[in-house]
Amino acid sequence: MTLSYDDLRALDARHVWHPFTQAGTAKPAILALGAKGATIFAADGREYLDMVSSWWVNLHGHANPAIAQAVADQAGRLEQVIFADFTHEPAARLAHRVCKRLPGDLNRVFYSDDGSTAVEVALKLAHQYWRNHGQHRNTYIAFEGGYHGDTAGAMSAGHSSGYFSAWKEMLFPVETVPFPATWDGDDQVEAKELAALDAIDLVFAANPDHVSALIIEPLIQGASGMRMCRPDFLRKLEAKVREHGSLLILDEVMTGFGRTGDIFACVKSDITPDLICLSKGLTGGFLPLSMTVARDGIFEAFLGQDLSRAFLHGHSYTANPLGCAAGLASIDLLEGPACQQRIKEIGAIHRQRLDGLKSLANVAHTRLTGTVAALDVIGGGKGYEATIGPRLKTAFLERGLLLRPLGNVLYLLPPYCITDAELHRAWDGVDEVLRQLAK
């Protein structure tokens with residue numbers, strides 16, 4: 001049975017509950033029929049340049065033929081198998097490929113489903129690591145504005161992001177410290193970094209031998225407004241955590257797989273966390289999959305002769321073979337010279353176009369890390385309640401640009417396949433809208 005455009009819209013309106021959406025006021029969802037490269041094709045005949053990589057997951061463009069073929073080939077051999085008693089080639093190979101590119105002895109991969117579950121695994125691993133060593137450490141440190149996902153532990157770590165007030169009674173306490181956000185021309189960055197490090201010292205002093213781990217989105221805080229910090233701060237942060245004898249967790253769910261200009265933010269910053277959370281771009285945007293990668297010493301603390309020391313956690317689709325096959329194909333593309341060159345070229349265009357907007361009265365705090373460019377739009381409030389956000393989103397959709405401002409923060413995070421012409425077209429739209437608003 002073939003359904004009409006109106007029939008499908010009616011079915012969606014009747015049955016589907018969309019994420020991060022107020023259904024009482026939202027416009028009908030755009031019906032996507034297909035996509036190719038950086039373009040999404042809608043049922044009403046319109047085309048949209050996907051400048052947010054479909055929630056930051058799509059690395060190489062929609063319907064990439066190499067990844068699609070890898071998934072199809074794997075589906076004909078093995079689509080799913082319980083991962084508690086079995087393993088399979090794609091899972092073993094993908095774990096090896098990722099660990100080979102991570103620093104130090106980050107060699108042990110625990111698979112799960114998405115970024116939130118990867119963080120949940122990391123928090124639980126950190127807690128049980130100390131428990132297996134006979135220590136009761138139940139304090140975590142996170143950064144103000146940090147966002148780590150929507151499961152209970154991840155929400156607790158991200159409680160200061162402002163998303164989770166409806167569930168505050170469900171969350172466990174997490175100590176928060178200032179995030180030293182910086183931008184082009186910021187002359188206060190060193191003072192902010194020192195204040196953050198001093199605040200961390202105070203938390204450790206108030207909780208001697210009780211801090212399980214510190215968690216941070218390295219280089220870029222995503223959902224709180226693409227707030228960026230320096231690699232030098234991360235190196236000082238790592239030293240601080242080591243000084244206090246705790247664990248360091250990096251949430252690289254968004255920053256991983258080339259987004260910061262290097263394959264991982266920890267590689268770019270020359271640091272080695274104890275645990276790292278990976279998802280989003282892991283499969284090139286094809287299938288849900290995530291990893292929590294631990295150092296060898298973390299893994300060894302769970303070894304024993306009975307289940308009491310084991311990590312009793314898992315998911316039905318852990319290490320799904322289709323997702324792992326997509327991940328292998330995506331890494332092949334990512335490591336190729338064409339993609340590596342394209343990442344550099346995207347960053348260069350971002351830099352050129354950001355610099356061209358600095359003179360506008362309604363633009364502030366331009367910033368760039370790798371392929372992620374961002375700026376603050378002045379006027380219409382700040383944060384997620386900013387009235388300017390929906391106006392910007394509507395203006396961009398009218399121009400065929402899928403851009404989802406984070407409140408008053410406008411950012412571009414395109415797939416690596418985007419052409420120079422497409423990227424300039426997006427920036428031309430940004431320039432036009434911002435200049436109109438400035439009048």
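Predicted model: local features only at pLDDT ≥ 70, side-chain atom pairs only at ≥ 80, totals over all residues.

Q: In what order do the 3 strands of the open sheet lie?
A: Strands of a sheet pair through backbone hydrogen bonds, either parallel or antiparallel. Here the order is β13-β14-β16 with antiparallel pairing, where two strands pair if DSSP finds at least two bridges between them, and where strands (E, at least two residues) and helices (H or I, at least four) are DSSP runs numbered from the N terminus. Because β13 (363-369) and β16 (409-412) stand at the edges with a single partner strand each, one side of each is left without a neighbour in the sheet. From one strand to the next the twist averages 15 degrees. Strand β14 (residues 372-377) is joined to β16 by 4 bridges, and Leu375 stands opposite Leu410 in β16.

Q: Which helix packs on the sheet?
A: Helix α14 (residues 420-438) does so, touching β13, β14 and β16, where contact means heavy atoms within 4.5 Å.

Q: How do helix α12 and α14 pack?
A: Two packed helices are described by the angle between their axes and the distance between the axes. Helix α12 (residues 337-355) and α14 pack at an angle of about 25 degrees with their axes 11 Å apart, the axes being lines fitted to C-alpha atoms over the stretch in contact, with angles from 0 to 180 degrees between N-to-C directions. That makes α12 roughly parallel to α14, a term for angles under 35 degrees. Among the residues that meet are Ile346 and Arg353 in α12 and Leu423 and Trp427 in α14.

Q: At what angle do α4 and α11 cross?
A: The axes of helix α4 (residues 89-101) and helix α11 (residues 321-335) cross at roughly 35 degrees and come within 8 Å. The contact includes Leu94 and Val98 of α4 and Leu328 and Ile331 of α11.

Q: Is Asp6 buried or exposed?
A: Asp6, in helix α1 (residues 5-15), counts as exposed because its relative accessibility is 57%, and exposed means over 50% relative accessible area (1.4 Å probe, protein chains only), buried under 20% and partly exposed in between.

How values were computed: Residues numbered from 1 in each chain as written. Heavy atoms only, no water. Parallel < 35°, antiparallel > 145°, perpendicular 65-115°, else oblique.
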